[in-house]
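Hi there,

Here is the structure I promised to pass on. Please have a look, and my notes follow below.

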Amino acid sequence: MMRSHLKVAAAVGLGLGLTSCASLTKGLKAAKLGGDADRLVAVSENTQKCDKLGAEPAIQEEYALGSALAIQWVQRGGGLMLATATDQQLTTYVNTVGRNLAMQSPRPTLQWTFGVLNDTRNFNGLSAPGGYVFVTRKLLQGVDNEGQLAGVLAHEIAHIVLKHALHQYASVKVSSCKGAVVGNALVSAAAGRLLSASDRDGKLDLDSDTGLLADLTEKTVELAGKGHRKEEELEADRLAVELMLGAGYDPEAYRQLIAKTPDGGGFFANHPKRDERTKQISKVVLAQKAGADTFAELSTDSLQTPALPASFAAVKATGVAKDAK
């Protein structure tokens, strides 16, 4: 046993000057040391395979993950507002506004679905891959006009279009695979399925593997709870402004919503500071107005900030959200 460990130590020592895991693996193979060295080679090769899981998933994998995440958001948000006729009118209205915005995006053919969560505590918007977007009841209480609602929906649509949650999901797949390999769990069912997928360009069939779907969804939810990176949030705001302009909304309404909401709460909990966001929105609008292509004839006089429909009266009656705490 001691001799075997010495062989591994010697092999690793020889590999210290190598610049990559692949080079180390190649060196160990060439040494033909056997025993623990062979096992180290196997682990190294499999961790390299795991990197393939970082590839962009196929659309069916995105839909499977998105629907699972959507169920999580609905459960955590107290269910959907669908109990009364007014609830259903609000849901239809939010879907109309949301789909109009989504049609301006680079991914108009996704199966876009918008819903209102019964959550009366959190001023929040949520999204999941595949086109799922939710806003809370408290958010509806806090918006002053359709333009503000459109801004929040556009921001969540942008996260989906830009595949920010899918980037988190990719990192979950890779880290789960590597964790299983390094943890000597090569014989486990989950590790085997992930490694098998790495041999198929990293694509997973989550529809036929509910156990793996549940595990990856749980880990993605945990990561998503920490929020997107600052640049991803700013990127989503930039695209949101473009979507609003394309749908005929004045982005000033969205800027006003951000400006009146304290930093660090609800929908804005993991976002950059409001001053940075509001300045960027104004800058994007000016850039679009000065552009020579898509919005060459853009005039703020032609943009709209519609009032909220009468169905909002029932929601507003429970109290308008003054902050995002």
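Helix H7 (146-161) and helix H11 (residues 230-247) make a right-handed crossing, which here means that the near helix is turned clockwise from the far one by less than a right angle, anticlockwise being left-handed. Their axes come within 8 Å and cross at roughly 120 degrees; axes are lines fitted to C-alpha atoms, for helices over the stretch in contact, and angles run from 0 to 180 degrees between N-to-C directions. H7 and H11 are therefore oblique to each other (under 35 degrees is roughly parallel, over 145 roughly antiparallel, 65 to 115 roughly perpendicular, and the rest oblique). On the H7 side the contact (heavy atoms within 4.5 Å) includes Gly-147, Ala-150, Ala-154 and His-155, and on the H11 side Glu-232, Ala-236, Ala-240 and Leu-243 are among the residues involved. By class, this contact has ten nonpolar, four polar and three charged residues, where Ala, Val, Leu, Ile, Met, Phe, Trp, Tyr, Cys and Pro count as nonpolar, Asp, Glu, Lys and Arg as charged, and the others, Gly among them, as polar.

Before you read on, please note that this is a predicted model, in which local features need pLDDT of at least 70, side-chain atom pairs count only at pLDDT 80 or more, and totals for chains, interfaces and linings use all residues. Residues are numbered from 1 along each chain as its sequence is written, and side-chain values use heavy atoms, with hydrogens and water left out.

As for the whole chain, there are 14 helices and three strands; these are DSSP runs numbered from the N terminus, helices being H or I with at least four residues and strands E with at least two. Of the 325 residues, 48% are buried (under 20% relative accessible area, with exposed over 50% and partly exposed in between, using a 1.4 Å probe and protein chains only).

H8 passes H10 in a right-handed crossing. Tyr-169 and Val-172 of H8 are among the residues making the contact, as are Leu-216 and Leu-223 of H10. This contact has five nonpolar, four polar and two charged residues.

Cys-50 and Cys-177 form the disulfide, with their sulfur atoms 2.1 Å apart. Cys-50 is in helix H3 (residues 36-50) and Cys-177 in helix H8 (residues 164-182), so the pair links distant parts of the chain, 127 residues apart. Both Cys-50 and Cys-177 are buried, and the link is left-handed, with -65 degrees about the S-S bond.

Then there is Lys-163, in the loop between H7 and H8. Its phi is near 60 degrees, a positive value in a residue other than glycine. Most residues other than glycine have a negative phi. Lys-163 is buried, with a relative accessible area of 19%, and touches Glu-56 and Arg-107, not counting residues up to four places away in sequence.

Lastly, Gln-141 sits in helix H6 (residues 137-142) and is buried, with a relative accessible area of 6%.

Best wishes

How values were computed:
Disulfide = S-S within 2.5 Å.
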